[in-house]
Amino acid sequence: MSDQDEQVPTITLRRSVGTATATATSAGLAFAAIDYLGVVSILAYAPGATAAFAIFIGGIVVILVSAIFSELNGLYPTAAGIRLYLGRAVGNRTALSVTFTYMTTVVLVIAADAFLIGAAVRHVLNEPSVLAYVWIVVLLGIALAANLKGVRLAGWVQTIVTYTVLTGTSILSIIALFHVGGAFNHPVDLFGKGTFSGIQAVAFALFLYAAFEWVTTTAEEARTPRVITRALFVAPLLIWIVASLFALALSHLVSYSTLHGSAYPQLLLGRAALGTVGEIWMLSLTVLTALNTFNGGFLVASRFIYAAAREGNLPRQFARLNLNAVPWLAVTTLTVVSAVVAAVVFATGQWLLLVSVGAAIECGIYAIGSVCLLRLRSRVDRKRPFKLIAGQPLAIFGAILFSVLFVATAFADPKDSRHFSIAPFTVIAVLGALSTTYVLLVVPKLQRAAAARTAATRPRRRPTRATLDDINTILPAAEASD
Amino acid sequence: MADWDEICEALADYTISCNENVRLRKMQRDWSRMLHFICSDTGVTFSMDVDKGEIMSTLEGLVGLPDIVVSTTSETFCDMFWGDLNPVQKYLRGEITVKGSQEDVMRLDAISYVIWPES
């Protein structure tokens, strides 16, 4: 990997994002409440210390993702991110289909977090299970109201929240590990649960890092291009440390049979380590993760919907703004869809399915990112602030590796390594088919309607200026008519 | 390529449209920013001072420390300030580049959207 930062002119903004904030944003986007469940899914395939080994290998693989997205971000440092890379690499329609599918992961994560936090609060308060859904509605209601009011977490608040969650989880995990001492009862055996169990464990481990690359959407406010590159490399390191400690503590202090059916493994670890204090400690951290998820998730997804509507790819009603300059219909729709998904999860108890779907979509996106890098290497001859050494072979390797990991998670049963399941793949296929059908059938109609509306209601306002060519064309004609 | 006079003409119309739009002024009541604009083809630069949603002044050159920096061709700037193009389409194609927070980028587009909803 090489760095050519000094070749890019830097623009100084009055308010810009530095490395600490960008790293916090990246780690905060990745580390949601669903990550605690993600560790349980890894444990299904890699018990005991093997889970930490899988997370380590996942971290090594993520370095490749960091490098790929660093180069793409340096090439197009914009909030439009993957939409633009894809558009330039494979065309606008494919870009739109993939981006719509990608954005559904945001809804899944918001819904999952709402459900998990609701379930955790209900558990600690010893309420009947049906009240979990009331908590979900309350949480989403608060998030909706705050978003419609235009309330946003300041960068420094987001930074503090992220580092508190990461540090708090690490400290409790270390305390829990003191209970275990040296009694690690499982040898490291990545393929101990079947021929493919190691591959599936690594694929689920990737889910813990998922969404860290969304920090590229803040590229336009970064102090220098190097800030985003640093964040892309440092954030996975932080997640690796925290997730490894948590996995080690969880696997040795709480039995897998207890974790298997629980939506709040972090609370079980908290109780096992420090009793009620530990449980409340982990509940507080779980609630804090919601601040990042709801703030970041709603912001990214609603602004994407707004831009898509303004571009003519979604009904223009989604671009309507309230008096706080918030796209209110986009935010409200996101909340309602998240509430519905959370209700389905609540009713079916299939929360680990969200982990499989999220992990598979992320692997798919990483494979697509690799393809983008490969194609843009040959198509765009422009200086990059960051350039991946041996980019082409590594991009080919990435495309193959992440495709394999996509298959490994899309057909995995997140609870049981002995079974395959088509449920995750079915969900992704349905989402992908809906996106593609929409892009192929509805978007052209919307764009034709928008063009017709503009032509009918709004003539060009800019005055036409005569150029020398115009004058030269007119003059002989004028002379001839005389 | 559009010259500075053409850009000024477009900016004059844009300023009136912005400042006289009651809904826009209400929406942008908490938005005070210094904007820098850079014409990538001609090298012309200019600055816009917005205070509580009202465009206070537009000056040639880069004045003060910016909150947002917008770069594109002089023609695109002219069309944008006349409301003859949709800035989001150009932005998503990478033809308009912006430095600034996502929120400010959206606020900037919101101005065009509120003044010319059909653009």
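In the predicted model, the axes of helix α13 (residues 351–379) and helix α14 (residues 391–410) of chain A come within 8 Å and cross at roughly 160 degrees. As angles over 145 degrees count as roughly antiparallel, α13(A) and α14(A) are therefore roughly antiparallel to each other. The crossing of the two helices, α13(A) and α14(A), is left-handed. On the α13(A) side, the residues in contact are A:Ser356, A:Ala359, A:Ala360, A:Cys363, A:Gly364, A:Tyr366, A:Ala367, A:Ser370, A:Val371, A:Leu373, A:Leu374 and A:Arg377. Their counterparts in α14(A) include A:Gly391, A:Gln392, A:Ala395, A:Phe402, A:Phe406 and A:Ala410. By class, the residues of the contact of α13(A) with α14(A) divide into 15 nonpolar, 8 polar and 1 charged.

A:Ala390 is located in the loop between β2 (386–387) and α14 of chain A. The phi angle of A:Ala390 is near 60 degrees, a positive value in a residue other than glycine. With 9 other C-beta atoms within 10 Å, A:Ala390 is exposed. Chain B also contains a non-glycine residue with positive phi, B:Lys52, for which the angle is near 50 degrees. B:Lys52 lies in the loop between β2 (45–51) and β3 (54–60) of chain B. B:Lys52 is exposed, having 11 other C-beta atoms within 10 Å.

A buried position in chain A is provided by A:Leu232, which has 26 C-beta neighbours inside 10 Å; the cut-off for a buried residue is 20 or more. A:Leu232 belongs to helix α9 (residues 225–253) of chain A. When residues up to four places away in sequence are not counted, A:Leu232 touches A:Ser26, A:Ser66, A:Phe69, A:Ser70, A:Glu213 and A:Val215. A:Ile63 is 169 residues away from A:Leu232 along the chain, and the C-alpha atoms of A:Leu232 and A:Ile63 are separated by 8.5 Å.

The contact between the two chains takes 33 residues from chain B and 31 residues from chain A. Six elements of chain B, namely α1 (4–19), α2 (22–27), α3 (74–82), α4 (87–92), β5 (97–99) and α5 (102–115), each supply at least two residues of the side that touches chain A. The largest share of this side, 7 residues, comes from α5(B). The residues of chain B that touch chain A comprise 16 nonpolar, 8 polar and 9 charged.

Notes. Residues are numbered from 1 along each chain as its sequence is written. Chains are lettered from A and ligands numbered from 1 in the order in which they are written. This is a predicted model: local features need pLDDT of at least 70, side-chain atom pairs count only at pLDDT 80 or more; totals for chains, interfaces and linings use all residues. Two residues are in contact if their C-beta atoms, placed from the backbone, lie within 7 Å. Helices (H or I, at least four residues) and strands (E, at least two) are DSSP runs, numbered from the N terminus. Ala, Val, Leu, Ile, Met, Phe, Trp, Tyr, Cys and Pro count as nonpolar, Asp, Glu, Lys and Arg as charged, and the others, Gly among them, as polar. A residue is buried if 20 or more other C-beta atoms lie within 10 Å of its own, exposed if 12 or fewer, and partly exposed in between; C-beta atoms are placed from the backbone. Axes are lines fitted to C-alpha atoms, for helices over the stretch in contact, and angles run from 0 to 180 degrees between N-to-C directions. Angles under 35 degrees count as roughly parallel, over 145 as roughly antiparallel, 65 to 115 as roughly perpendicular and the rest as oblique. A crossing is left-handed if the near helix is turned anticlockwise from the far one by less than a right angle, and right-handed if clockwise.
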